[in-house]
Amino acid sequence: MSAFKDLRHYIDHLTEQLGADEVRRVDGADRDTDIGGITELMAEREGPALMFDNIPGFPAGFRVFTNFMGTPARTAVALGLPPDTAGLDIVRAWKDLGRRLEPIPPVVVDTGSVLENVLVGADVDLGIFPAPQWHDADGGRYIGTACMVITRDPDTGWVNIGTYRACVQGRDRLSLWMLGNRHARAIAEKYWARGRTCPIAVVVGQDPILSTAAAIAAPAGMSEYDLAGGLRGQGVEVLLPPGSELPVPAHAEIVIEGELPPVEEESALEGPFGEWTGYYTHSGQETVVRVTRILHRDDPIILGAPPMLPTVPAGDQAVPLYSASVTWDHLEASGVQNIKGVWAYARQLMMVVSIEQTGAGDAMHALFAALGRKRTGGMERYFVVVDEDIDITDINHVLWAMFTRVDPSESIQVLRAPTTAIDPRLSPDKRAAGDLSMGVVLIDACKPFAWKDHYPAANRFDDASREALRRRWAGVLPL
């Protein structure tokens, strides 16, 4: 696994590994009308990472970086793997790493590049940063889409890091939408119960391993810093800003420090915002950060991962690292045998498992085991199990299996399971009642085990033949 010092180290590494065209500089894009749209259009075609600079109304060098892990090659580079690593092999490497991971605590240093600019008092102004309006109907400009929100448990000292959407509400106000089942919300409520505001720091711009660790959500009591250290193979360099007990990455691009009061004391209208489901979600009075200090590097970079339609490989989602690897681990722990791979589509709306059948109940065992994985805010809707001859990283191949190996009267089951508050299919009445349940579909798209050896043969070149063709025609045809 790579141990990038910071976001800039990763960007430099991208161009070294994948070529100068891998990061496209875009000058003059407007933060409200251009940046979000260009990011989406380029993500749809799996184009290069984008560095927006010379944004109208802002100094040159105040930048926005998007689509940072928007292709399998960029994801591989972020994880320290060869750029040509296949998508399923990336998931396998991530799964195997997680299984043997040993947490490594952060390393506290005295200073870092994030202290190049320290803004306090009247100088605090979130408006100096070109936070984009990512979608045309968003309710504000979201500086935090791939951010790290840092809190410390007042009882144990546990430092928690999560990812929550963060909207600029004014010079010294930032809103956060934190669902009630998240660690940061639980920590904040401990402070509020004692009549105190919750100290908080929001980091905007860090290397991809820190971004990934923040979004994973380590078990309660384990800091995501320790998780990131284990992933990197060395501790993350952090510093304690003067007067603060919250460690922040020493080489972050931007750190926004402040305090979080209870919603009853102060709140802001948050949303709507185009979420990863592909719909605008939730608008209401939510928590705010009273910003007391801003730290930022010279020429700071906002790291952006705006949600798009779930079928688009947005920002950090070209390879479904977390959803696929955790499901894979859970399946193995549940005794499912001969798993050949796990992949997720539309973020995690459809989970696909490839197995080699050795018994009549193998496919159903895999389906029920996958459904049984504990999820925190997940929205898995469809679970599909296919034979090992199906390339689960190719949606057309998966659909072929579903269309030709499924008997709808026998191969499909519909059950109920928990969903998330941003599920667009929840009715207003169910939402008001707090009923966060939804139907899920289990699809056995395997050849019937009893006669799978007599199933008609597929008229498709095998993998070895395909690879031989690619080698013979390399440089002539894009095979």
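**Notes on the sheets, cores and a few residues**

1. Strands here are DSSP runs of E with at least two residues, helices are runs of H or I with at least four, and both are numbered from the N terminus. Strand 21 covers residues 350-355 and runs antiparallel to strand 20, with 6 bridges joining them. For two strands to count as paired, DSSP has to find at least two bridges between them.

2. A word on where this comes from: the model is predicted, so local features need pLDDT of at least 70 and side-chain atom pairs count only at pLDDT 80 or more, while totals for chains, interfaces and linings use all residues. Residues are numbered from 1 along each chain as its sequence is written, and side-chain values use heavy atoms, with hydrogens and water left out.

3. Among the buried residues of helix 4 are Leu88, Val91, Trp94 and Lys95; buried means under 20% relative accessible area with a 1.4 Å probe, counting protein chains only. The buried residues of helix 4 pack against helix 3 (72-78), helix 6 (208-216), helix 7 (224-232), helix 8 and strand 20.

4. There is also an open sheet of 3 strands, ordered 4-12-13, with mixed pairing. Strand 4 and strand 13 (248-249) are its edges, each pairing on one side only. Strand 12 (residues 237-239) pairs with strand 13 in the antiparallel sense over 2 bridges, and Val238 stands opposite Pro249 in strand 13.

5. On to the inside. In the largest nonpolar core, 91 residues in all, the members touching the most others are Tyr10, Phe65, Ile150 and Tyr225. (A nonpolar core is a set of buried Ala, Val, Leu, Ile, Met, Phe, Trp, Tyr and Cys residues joined through side-chain atoms within 4.5 Å.) Helix 9 (residues 362-371) gives this core its largest share, 6 residues. A second, separate core has 44 residues, including Leu119 and Val204.

6. Finally, two single residues. Is Ser113 buried or exposed? Ser113 is buried, because its relative accessible area is 12%. Ser113 lies in the loop between strand 4 (107-108) and strand 5 (117-120), and its side chain makes a polar contact of 3.1 Å with that of His251. (A polar contact is a pair of N or O atoms within 3.5 Å; within protein, one must be able to donate a hydrogen and the other to accept it, and residues adjacent in sequence count only if both atoms are side-chain atoms.) His397, in helix 10 (residues 395-405), counts as buried because its relative accessibility is 8%. Leaving out residues up to four places away in sequence, His397 touches Asp389, Ile390, Asp391 and Arg460, where contact means heavy atoms within 4.5 Å.

Conventions: Buried < 20%, exposed > 50% of the residue type's maximum accessible area, 1.4 Å probe, protein only.
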